[in-house]
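Here is a brief report on a two-part question: how do the chains meet, and how far can the coordinates be trusted? Please read it with the structure open.

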Amino acid sequence: MSSRQNGLNQALPYESKWRWGYQHYPVFGWAWWRGRALIFGLGVMMLTIMTGIGMLIDFDDKSVAVTTTIIFFIGVGGMALTGATLMTLVRTIVDVGQKQKVVITIAFLISLGLTTMFDAWSSGEIERAFAENSSQKELIAEASKVSLDNVPLAMVNLITAFSLYFWLSAGIAFIRYWREPSQLRAYFAQRELSEAKAEKHQAQAKLSMLQAQIEPHFLFNSLASVKSVIRDKPELAEKTIDNLVDYLRASIPRFDDDNRVQTVTLGQQIELCDKYLEVMKLRLGDRLSYSINVAPDVAGHVFPPLVITSLVENAIKHGIEPSTSGGTVKISAALEGRDLLIGVTDTGVGLSHHSKGSSSGLGLANIKEQLAVLYGGSAKLNLSADEAGEVTASIKITDFLK
Amino acid sequence: MQQSEKATVKIIIAEDELPLRQSFERELQRNWPEATIVASCADGASAIDAVKHLKPDVVFLDIRMPNKSGLEVAKAIGDQAFIVFTTAYDQYAVKAFESGAVDYLLKPIESKRLVGTIERLQQRLETQQPQNLENLISQLQGQLTPQADTIKWVTASAGDSVRMISVDDILYFQSDQKYTKVVTGDSEAVIRMSLKELVSRLDGEQFWKVHRSTIVAASAIHAVKRNELGAWRLSLKDRAERLPVSAEFQKRFKAL
């Protein structure tokens with residue numbers, strides 16, 4: 001017994017608009033056979049009933065009409081089911097492989113022959129019955145004479161007959177039998193590929209989470225600041241600790257039950273930026289001011305974690321902190337049509353000042369990579385500066401809303 | 001001011017974050033009442049200035065500060081004063097300070113440690129002359145501002161704005177007398193880096209110098225062919241332009 005046999009009664013995993021009903025099962029399996037037998041059986045029944053009624057009305061001898069109807073039923077039924085049954089027997093009995101292919105092909109050829117014989121036998125019987133019993137026997141005799149002399153018509157008849165035999169002998173399924181393995185392989189290859197891609201997403205997301213761990217410098221400096229105000233401004237110290245705790249907590253990678261990185265909304269991340277900036281405000285005082293401008297309709301959307309906070313951290317680290325007079329950080333997020341636009345601007349020391357023409361910008365490269373993995377070519381990260389020294393990191397995700 | 005009195009120890013503090021600066025001043029005064037804080041600076045440049053004018057005995061220096069880092073300030077001070085570095089977290093620095101027996105304080109600053117440092121300073125002020133830390137500092141500066149082996153972005157001026165371009169987007173660089181032209185799939189810009197500098201800072205696997213005027217992204221190369229005049233030219237994927245190829249590169253390309 002072949003190992004593929006179990007699979008034969010399960011629907012094929014891939015979709016095709018060309019298949020319906022029983023055709024979703026692998027050909028020449030019993031599930032397929034049952035479905036096909038039901039449909040074809042119904043067709044045969046209908047034809048038989050119609051032909052039977054016709055003959056009962058037409059023929060004078062009602063018993064001949066009944067016998068002929070039975071012959072018709074056996075003939076057409078045999079034509080419709082022989083091929084399917086034979087090849088199903090072969091596929092379920094013979095092991096998968098070259099041998100099965102050969103035997104199925106032989107079975108198909110035998111089926112074609114049997115189908116032809118069923119037709120020849122039943123048609124012969126029916127024609128004879130008609131010739132002897134029909135009220136229009138003269139007309140029938142006339143018609144059969146004409147057709148014998150007409151070569152093109154005979155050709156058409158032949159082709160029609162062959163097509164019919166081919167179809168009834170499960171010829172289409174026979175073709176599908178040859179194509180099934182390659183389609184299955186293609187399907188599994190595709191599935192493996194998309195699974196690999198999904199895995200890569202996950203790995204990437206985890207990696208970025210781990211890479212984005214809190215900077216010790218930030219942590220210790222913030223604690224030092226809290227310590228410095230704890231006596232004079234206990235409320236401020238308390239609030240700052242709250243903000244710091246929220247920020248730290250969000251920076252620790254969190255995974256759900258399936259070990260996937262937990263999703264967060266854009267709004268949650270902006271809130272986190274707010275907390276980070278509040279902490280920095282205590283430390284930098286007048287050197288830092290900031291504004292957050294987020295359209296209410298974007299806040300609820302899921303967005304990769306730590307991307308915006310990284311941009312804000314960059315703005316502080318490279319823009320505000322190196323400047324004696326400080327500056328303003330502006331965060332904005334909005335939808336433009338179906339596109340998402342995120343901007344983090346700072347009026348600090350400017351790009352050229354601190355990077356001196358080049359930058360390793362590892363953080364940005366990391367963000368860029370993360371966006372590329374998640375959104376492909378539809379995500380763009382851009383860093384630009386104007387004459388006044390305002391530096392803007394902007395993210396644009398085309399067709400963010402699908 | 002008690003500048004003439006020898007007994008008074010003059011201290012300068014350099015710390016850019018105001019709350020830290022204030023609390024540090026407080027702590028110092030509490031634990032070292034004989035000393036006078038003659039200046040409290042919020043950035044490196046003003047610290048250098050203050051040191052020059054006020055000739056302190058001890059300088060407390062934050063390492064990360066605007067415009068001049070604590071290390072740069074220490075370099076400028078030389079052997080003019082005893083230096084104590086303060087830092088929240090600088091792995092390399094702390095290691096170097098330990099091995100070089102340089103005083104340092106970790107933020108948040110613990111009172112106990114501050115007291116210990118003050119005692120040590122008092123001892124040194126009586127028995128030693130400040131040392132020049134130049135060697136240590138030069139070594140540290142290299143470690144604290146690591147020059148990445150390969151650059152990931154270049155900053156380019158296009159019109160009147162500065163833009164950062166990821167090297168992954170760049171098809172080729174071409175030198176144009178004074179400037180270097182950067183060409184990506186959908187834009188062109190000019191950067192100030194020379195080709196020579198770029199060669200040393202770009203990933204050699206990703207970018208090939210194919211001519212003395214041209215660096216090309218290997219992934220963008222379509223073919224190298226001889227034109228009607230017999231000169232070798234490089235064509236790019238989906239691009240019309242032809243780039244010059246040096247004889248040296250031809251050989252390498254053929255060898256691949």
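**Confidence**

This is a predicted model. Chain A has an average pLDDT of 85, and 91% of its residues score at least 70. Chain B also averages 85, with 92% of its residues at 70 or above.

In chain A, strand 6 (residues 358-359) has the lowest confidence, with a mean of 42. Strand 2 of chain A has the highest, at 96. The pLDDT is below 50 over residues 354-360 of chain A. That stretch still makes 20 contacts in the model beyond near neighbours in sequence. In chain B, residues 1-5 fall below 50. This stretch has four contacts beyond near neighbours in sequence. Where pLDDT is low, the predicted coordinates should not be read in detail.

**The interface between chain A and chain B**

On the chain B side, 34 residues are in contact with 39 residues of chain A. The area buried between the two chains is about 3000 Å². Carbon and sulfur atoms give 57% of that area. Which residues of chain B lose the most area to chain A? They are B:Glu17, B:Trp153 and B:Met164, which together account for 22% of what that side buries.

Polar links also cross the interface. There are 10 residue pairs in polar contact between chain B and chain A, both residues being at pLDDT 80 or more. Helix 1 (18-31), strand 6 (153-158) and strand 7 (161-166) of chain B each supply at least two residues of the side that touches chain A. By class, that side has 15 nonpolar, six polar and 13 charged residues.

The search over all chains finds 20 salt bridges in the whole structure. Four salt bridges are counted between chain B and chain A. The table gives two pairs that link the chains.

| Chain A residue | Chain B residue | N to O distance |
|---|---|---|
| A:Asp232 | B:Arg26 | 3.2 Å |
| A:Arg287 | B:Asp16 | 3.3 Å |

Why does the pair A:Arg287 and B:Asp16 join two chains? A:Arg287 lies in the loop between helix 10 (266-284) and strand 2 (288-294) of chain A, while B:Asp16 lies in the loop between strand 1 (9-14) and helix 1 of chain B, so the pair joins two chains.

Strand 7 (residues 379-385) of chain A and strand 7 of chain B run antiparallel and are joined by three bridges. Within this pairing, A:Ala385 stands opposite B:Val162.

**Two hairpins in chain B**

Strand 8 (residues 170-176) of chain B pairs with strand 9 (residues 179-184) of chain B in the antiparallel sense, over six bridges. B:Ile170 is set opposite B:Thr184 of strand 9. The two strands form a hairpin with two residues between them. In the turn, B:Gln177 has a positive phi of about 55 degrees.

Strand 9 of chain B also pairs with strand 10 (residues 188-191) of chain B, again antiparallel, over four bridges. Here B:Val182 has B:Ala189 as its bridge partner. Strands 9 and 10 of chain B form a hairpin with three residues between them.

**Backbone details**

Most residues other than glycine have a negative phi, and most peptide bonds are trans.

The peptide bond from B:Lys107 to B:Pro108 is cis, with omega near -5 degrees. B:Pro108 sits in the loop between strand 5 (103-106) and helix 5 (111-127) of chain B.

In chain A, A:Leu306 is not a glycine, yet has a positive phi of about 70 degrees. Where is A:Leu306 placed? A:Leu306 lies in the loop between strand 3 (302-303) and helix 11 (307-320) of chain A.

Notes: Residues numbered from 1 in each chain as written. Chains lettered and ligands numbered in written order. Predicted model: local features only at pLDDT ≥ 70, side-chain atom pairs only at ≥ 80, totals over all residues. Heavy atoms only, no water. Pairing = 2+ DSSP bridges. Contact = heavy atoms within 4.5 Å. Buried area = accessible area lost by both parts, 1.4 Å probe. Salt bridge = Lys/Arg side-chain N within 4 Å of Asp/Glu carboxyl O. Polar contact = N/O pair within 3.5 Å; in protein donor to acceptor, adjacent residues only side chain to side chain. Nonpolar A, V, L, I, M, F, W, Y, C, P; charged D, E, K, R; others polar. pLDDT = per-residue confidence, 0-100.
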